[in-house]
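Let's take a walk through this structure together, starting with one piece of it and then stepping back to see the rest. Keep the viewer open and follow along as we go.

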Amino acid sequence: MSHRITGPSNYYTRKLIRDLWKTKRRIWKQISKKLSGARSGRIEANLYRINKKTKENDVIVIPGKVLANGDLDHKITIACLEFSKSAQQKIEDSGSKVISIDELLQQNPEGKNIKIFY
């Protein structure tokens, strides 16, 4: 009986998971665990939910996808695995910033002042 490998098949996602785990920081390990699970278990966050649960100048990580339902009325930084094009446009129109999780890891390897959005 052969062992079947599970988890993400995307090379870049697997590399991101390994890089996050190697940091040995609790916040990055939590995100790594969330990304290594089933795709159906990943977060899909709408902008109205993000707007409701964040404050001005927050830095949040979404281990999943950002969708465009709603609007943002304050400036934040969002790091996510993927996002819809219309969500990216709305985020940039509000003056907020969208970056990849890998970029945030390089900017803030300690993981200080970052919130995980579930």
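Start with helix α1, where Thr 13, Leu 16, Ile 17 and Leu 20 are buried. These residues cover an arc of only 100 degrees around the axis, which puts them on the same side of α1. Turn the view to that side and look at what the buried residues pack against: α2 (26–36), β3 (77–83) and α5 (101–107). Please keep in mind that this is a predicted model.

The length of the helix can be checked as well.

At the start, a side-chain oxygen of Asn 10 comes to within 2.8 Å of the backbone nitrogen of Tyr 12. Just after the helix, Lys 24 takes a positive phi of about 60 degrees. Lys 24 sits in the loop between α1 and α2, and its relative accessible area of 66% is over the 50% cut-off, so Lys 24 is exposed.

Another residue with a positive phi is Asn 113, again a residue other than glycine, with a value near 60 degrees. You will find Asn 113 in the loop between α5 and β5 (115–116). With a relative accessibility of 72%, Asn 113 also counts as exposed.

Now step back to the whole chain. How many helices and strands does the chain have? There are five helices and five strands, and from the N terminus on they run in the order α-α-β-α-β-β-α-β-α-β.

What about the overall dimensions? The C-alpha trace spans about 55 × 30 × 20 Å along its principal axes. For 118 residues, a compact globule would have a radius of gyration near 13 Å; the chain has 15 Å, which agrees. Of these 118 residues, 41% count as buried. The chain exposes about 7,600 Å², and carbon and sulfur atoms supply 46% of that area. Contacts also reach along the sequence: among those between residues at least 6 apart, 38% join residues at least 24 apart.

Thr 54 lies in the loop between α3 (47–53) and β2 (59–67). Is Thr 54 buried or exposed? Its relative accessibility is 8%, which is under the 20% cut-off, so Thr 54 counts as buried.

The side chain of Thr 54 has polar partners to look for. One of its polar atoms lies 2.7 Å from the backbone oxygen of Ile 50. A polar contact of 2.8 Å also joins the side chains of Thr 54 and His 74. Setting aside neighbours within four places in sequence, Thr 54 is in contact with Ile 60, His 74 and Ile 76.

A last stop is Asn 46, in strand β1 (residues 43–46). Asn 46 has a relative accessibility of 17% and counts as buried. Which residues does Asn 46 touch, not counting residues up to four places away in sequence? They are Leu 67 and Asn 69.

Conventions
Residues numbered from 1 in each chain as written. Predicted model: local features only at pLDDT ≥ 70, side-chain atom pairs only at ≥ 80, totals over all residues. Heavy atoms only, no water. Buried < 20%, exposed > 50% of the residue type's maximum accessible area, 1.4 Å probe, protein only. Helix = DSSP H or I, 4+ residues; strand = E, 2+ residues; numbered from the N terminus. Arc of directions from axis to C-beta. Contact = heavy atoms within 4.5 Å. Polar contact = N/O pair within 3.5 Å; in protein donor to acceptor, adjacent residues only side chain to side chain. Rg over C-alpha atoms; globule rule 2.2 N^0.38 Å. Areas by Shrake-Rupley, 256 points an atom, 1.4 Å probe, with all protein chains shown as cover.
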